[in-house]
Amino acid sequence: MSTPAEESAKIETLEEIKKHSHPLIAIVILFGGMTALLFAIGLSISFGAADIKLATVWTAVFNFNPESTSHQIIRDIRMPRVLGAAMVGSCFAVAGALMQGMTRNPLADSGLLGLNAGASFMLALCFAFFPGLPYMYLIMFSFLGAGLGVFIVYGVGSLSRGGLTPIRLVLAGAAVSALLGALSEGIALYFQIGQDLAFWYAGGVSGTKWINLQIMAPWIIVAMIGAVILSRSITLLSLGEEVAIGLGQKTKTIKLFGMIIVLVLAGTAVSVVGAVGFVGLIVPHFTRLLIGHDYRWIIPCSIVLGGLLVVLADLAARMINPPYETPIGALIALIGVPFFLYLARKGGKEL
């Protein structure tokens, strides 16, 4: 049974969370972000390599004619890639937010901790040994690859003296990502599948099809609902494991379900867009800066802002040097690398 002093400390902790939470700003971000996301999706569908009139674009969306080539371009190429970009951005952002909350590591990101590299490595194995594998199986192998990546990173990181620090974990992630990347390239050279894998290395949503969205949507919806349900516990866990246990949280169960959700989100996203990093680093930090440390608001806002970031990056990727496309991963890295260096300079502390 808790002593009066411990009960007082718990109440103070909860009051501290409430004091640093800004629900009004979060509501504004949610509605403003959703409006901006819908506008960005509309803008992204309207522009592309083929010069199609705006009226034709919207006719294709709301009154599709399967015999029109322009309508086919809109329906079969632009719409799935834009919706795929929004879903993938949300996946990476929520995965990053969960990892940062559970590990109390502000540098945690699926790209920096080896999850994306692990999923890409598993995709390389699939292309080499099981060519023509259905997309559903590719997603499953991506989950396994993401799990393999994070297992090796935490295994390597825990070998260091002094335990896991944010910087050590990122260094272990960089080493493991380099190893898995080299192995993937070796497999690509040996089995002559470099052209197939080039898409995943560069990162892009140009190959997204409706069937991909249909298969990945149920996984993502379930994972997002799980993340929202866990959000209160993640908030308490982000204050420290002892505090969370003191407040009655089953920390091991929370971490287990949280990590399963992260693997599903990261694995699904990599199976579509490739190893795009930094989305899970930039979006949660930006969200926390605006609305505080309450994950009940961070998770929903990250869903919206993550989707918005990748949709805008995809639009920019097509507009910079048309008709050629710039890899999304390179564009997001232009923001992500300086941001990561800034965080690393602060010793991995929060903004």
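User: In this predicted model, at what angle do the axes of helix 12 and helix 13 cross, and how close do they come?

Analyst: The two axes cross at roughly 130 degrees and come within 9 Å. Helix 12 covers residues 279-291, and helix 13 covers residues 295-319.

User: Is helix 12 perpendicular or oblique to helix 13?

Analyst: Angles of 65 to 115 degrees count as roughly perpendicular and those over 145 as roughly antiparallel. The angle here makes helix 12 oblique to helix 13. Their crossing is right-handed.

User: Which residues make this contact?

Analyst: Helix 12 contributes Val279, Val283, Pro284, Phe286, Thr287, Arg288 and Ile291. From helix 13 come Tyr295, Trp297, Ile298, Cys301, Ser302, Leu305, Gly306, Leu309 and Val310. By class, twelve are nonpolar, three polar and one charged.

User: At what angle does helix 4 pack on helix 12?

Analyst: Helix 4, residues 69-103, packs on helix 12 at about 70 degrees, and the axes are 7 Å apart. Helix 4 and helix 12 are therefore roughly perpendicular to each other.

User: Is the crossing of helix 4 and helix 12 left-handed or right-handed?

Analyst: Helix 4 passes helix 12 in a right-handed crossing. On the helix 4 side, the contact is made by Gly89, Phe92, Ala93, Gly96, Ala97 and Gln100. On the helix 12 side are Val279, Gly280, Leu281, Val283, Pro284, His285 and Arg288.

User: How many residues of each class does that contact have?

Analyst: The contact of helix 4 with helix 12 has seven nonpolar, five polar and one charged residues. Gly counts as polar in this scheme, and Gly89, Gly96 and Gly280 are among the contact residues.

Technical notes
Residues numbered from 1 in each chain as written. Predicted model: local features only at pLDDT ≥ 70, side-chain atom pairs only at ≥ 80, totals over all residues. Heavy atoms only, no water. Axes fitted to C-alpha atoms, helices over the stretch in contact; angles between N-to-C directions. Helix = DSSP H or I, 4+ residues; strand = E, 2+ residues; numbered from the N terminus. Parallel < 35°, antiparallel > 145°, perpendicular 65-115°, else oblique. Left-handed = near helix turned anticlockwise from the far one by under 90°. Contact = heavy atoms within 4.5 Å.
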